[in-house]
Amino acid sequence: MTTLVLGAPLSGWASSLDEVPDPVFGERMMGDGIAIEPIEGLVRAPAAATVIAVAPTLHSVTLRLEGGIELLIHVGLETVGLGGDGFTALVAAGERVDAGAPLLAFDLDSVARRAVSLVTPIIVTSEGATVRLLVRDRLIGFGEPLLEISVAGQIVTDTARADDETTRSIVVPLAHGLHARPAARLVAASRMHDATLTFEAHGRTAAGRSMVAIMALGVRHLDELTIRASGTSAAAAVEAIATLILGGMAEAEHSEPVVQAAVLVVAPQGTILGGVRAAPGLAIGSAVHFAAASIEVPADGAGPVQERTALELALATLTARLATASGVGAEIAEAHRAMLDDPALVDAAQSHVAQGRSAGRAWQLATAAVAETLQATGDARLIERIADLRDLEQQLLSELYPASATGALPALPENAVILADDLLPSQFMALDLRRVAGIVTVNGGPTSHTAILAAAAGVPMLVAVGAAVLDVPDGRTVILDADAARLDFDPDPAALASAVDRHARSRRRHAVDVETAQADCRMADGTRIEVFANLSSVEDARLAVTNGGEGCGLLRTEFLFLDRAEAPGEDEQCRAYGAIAAALGDRPLIVRTLDIGGDKPVAYLPFPHEDNPALGARGVRFSLARPDLLDVQLRAILRGVPGDQCRIMVPMVVEPAELLAVGAALDRAMLAVGRQDRPQLGVMIETPAAALLAPAIAAVADFLSVGSNDLTQYALACDRGNPATAGRIDALHPAVLRLIALAAEGATSHARWLGVCGGVASDPAAAAILIGLGVTELSVTPSAVPAIKAAVRRLHLTDCRDLAVRALACASAAEVRALVPAVIEEAA
Ligand code: PEP
Ligand code: MG
């Protein structure tokens, strides 16, 4: 037994950790200890020690004391957000220090003004240590006895700390680190376990239930992250969370379009202002300045009880209102709801209310502190989330003080080009989009939620244009060319005439594409090509039908299995598939069996750790290893999707035996639900093995559909989620095209049809080559249906075949792409 009496490392008011308004410390997630509200700006060594770490933002220091006892001294709360401003480190990691040696100096006044609180937790982080407070609720001076720390036996300092506590360090593979979406998913996943989870990186700690705190760790691509859990299912929780993160959290697919949006930056010249394209398109219209409504917020409250009630009511009302959002707005509202639920915001606001502030001011202070924390990470993606915080701040203030809002949006003329400092998602959603031609903002970023909303609504948007845009007179005719990343704020007649002409042409083309989208798709020579849509929800299905989708070529059923505590049951699945079938009318619906694993991990299903999950137990391998789940899914599909509409497709197949095994399961399911008519059972060609064995596979499959995303990743040995290989991953690479050609031959040899449902099907430049190779069905993203149909209609099969032959002879994707424009232009 080692027992140590520790002196105070700084002078101030000592109190129990129970008083600390931060769950990480208050709930002793990191360990037991005491808190001191300092009255001097100097932390000294409370005993002889080795410095283990000084936080990069200099606000905390960790020491190893006699007997291996580890101690964290964390100056203030949320002080990581100050980014080191006001702090000076007087020691470095690895140094030996004597008792009384100065460790950290800080500017008491400056930190007190900007931090949530100065209260300084002093935490014994060693496993097995018990702590007895020798003082509480009184002023103490440096070195006065503070804590008695006892440790039985040997201190354990490595990863397996106790029966009910587990840690694991991983390298984060996510291209954009732990930004808002993965942070929200980690919070959701953390809640599914009977364990208290914390995440540690860069010397900082975040509670597993705080999305903001996780974001504020500033974890970037390839950073080390330690996952720590205690509680009955600690080990399982750590493994599940590590697997989730290591699996990529389905990030690459989502982030692709927004990252690609940030391609152009133009410098100002003459009457031109440059910016960054956030949503594509061309707009000509009248400048309308938009200034956010200002809401009067009283500083002091009418009493903590009244203000707390008002805050809780406003939070509940706002949460309920956000739940009613639909379409793309629903995803963003969901992210806002996750933020509203975050203890980093709500607890901080409540503690300001407890100190006498009004609910509104408390909320402003809480959001400002989190915004500063995000700003301090220096990570552009996290900094863009500050707009979401400001949005939440405004929305909650509007709930609290509905009558005091002034400066509402002016009445919009036709073709308004909105000029604003920034535009929050809720402000965007309040606009009458029938009158909005475009949006230009002084600030903002191309990955903001407003940018995603604008792109989804087809509203061109330019961001980061600079303050000069605020000088453009109201009512001035402007040209916003988002594709060229420029705003002409005073166009001459020639520029205007040319823009009007271009605008008219592109609108005509789009209008024609949409108008003709409902007709079946035939090439110029009459060859029938089916244009289907890839779906993940009922909303997708509705959009697909509106846009002329002739059916669904890939229903990704993973949407039902992600972000929840347990697998959906048969009835729930049946209802979900049935709703999508109904939204499609009588159009065919190809339901893909569950394709989890690889880049789509599911926290509640126990995947063993795999060093290379893309080559592991994913897709059909997982389904065959879990026949219980497969049987439920097949029964649900058979019950939910009417006979003539229903087709089933199997992912990640390598050889015919896998399809035969699913076929046997399908026969079992048919017997169980009493269905006689066996739906077509098809296979995804997304492994090189499947392409090479296509004749044998086609012999037992009803149809083949190329999953070009995976086929390309496996053929080119390029991880589809790895930004380092992103520049190489192109499905028009001749090696991939040769595999597709083999698949086409295999399909033809057994009179089966071949489709493509990977991302390349949505690329108009690829349509001619794919058709030339023998593809007769393209399943594309719902919004791309009109343009793909229009592109296909301009093509002749003989030209496409010639093109395909030339493409197969190329030596690189670049050479293939160089062939394409000629054919497309000739056809146009
Ligand atoms: C593919 O791999 O191309 C495909 C369509 O499947 P997913 O993208 O869902 O893996
Ligand atoms: Mg795939």
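Me: Is Trp13 buried, exposed or partly exposed?
Reply: This is a predicted model, where local features need pLDDT of at least 70, side-chain atom pairs count only at pLDDT 80 or more, and totals for chains, interfaces and linings use all residues. Residues are numbered from 1 along each chain as its sequence is written, chains are lettered from A and ligands numbered from 1 in the order in which they are written, and side-chain values use heavy atoms, with hydrogens and water left out. Buried means under 20% relative accessible area, exposed over 50%, and partly exposed in between (1.4 Å probe, protein chains only). With a relative accessible area of 42%, Trp13 is partly exposed.

Me: Which strand holds Trp13?
Reply: Strands here are DSSP runs of E with at least two residues, helices are runs of H or I with at least four, and both are numbered from the N terminus. For Trp13, that gives strand β2 (residues 12-16).

Me: What is the area of the nonpolar surface patch made by Trp13, Ile39 and Leu139?
Reply: Patch residues need over 30% relative accessible area and no salt bridge; like charges are joined within 9 Å, and nonpolar side chains (Val, Leu, Ile, Met, Phe, Trp, Tyr) within 5 Å. Areas come from the Shrake-Rupley method with a 1.4 Å probe, and for residues only the protein chains shown count as cover. The patch made by Trp13, Ile39 and Leu139 comes to about 320 Å².

Me: How many disulfides does a search of the whole structure find?
Reply: A disulfide here is a pair of cysteine sulfur atoms within 2.5 Å. The sulfur of Cys646 has its closest cysteine sulfur in Cys574, 11 Å away and so too far for a bond. The number of disulfides found is 0.

Me: Which residues coordinate the magnesium ion (ligand 2)?
Reply: Donors are N, O and S atoms within 2.8 Å of the metal (3.2 Å for Na, K and Ca); water is not among the atoms, so sites may look incomplete. At 2.0 to 2.2 Å, the coordinating residues are Glu686 (OE) and Asp710 (OD).

Me: How many residues apart in sequence are the parts that Glu686 and Asp710 tie together?
Reply: Glu686 is buried, at a relative accessible area of 2%, and Asp710 is buried too, at 2%. Glu686 lies in the loop between β31 (680-685) and α21 (688-692), while Asp710 is in helix α23 (residues 708-716), so the distance in sequence between the parts is 24 residues.

Me: Which residues are linked with Asp710 in a network of salt bridges?
Reply: A salt bridge is a side-chain nitrogen of Lys or Arg within 4 Å of a carboxyl oxygen of Asp or Glu. One such pair is Arg592 with Asp595, the closest N and O atoms being 3.5 Å apart, and both of these residues are buried. Linked with Asp710 in the network are Glu558, Arg592, Asp595 and Arg618.

Me: Is Arg434, which meets Asp432 in a salt bridge, buried or exposed?
Reply: The side chains of Arg434 and Asp432 meet at 3.0 Å, N to O. Asp432 is partly exposed at 27% relative accessibility. Arg434, at 74%, counts as exposed.
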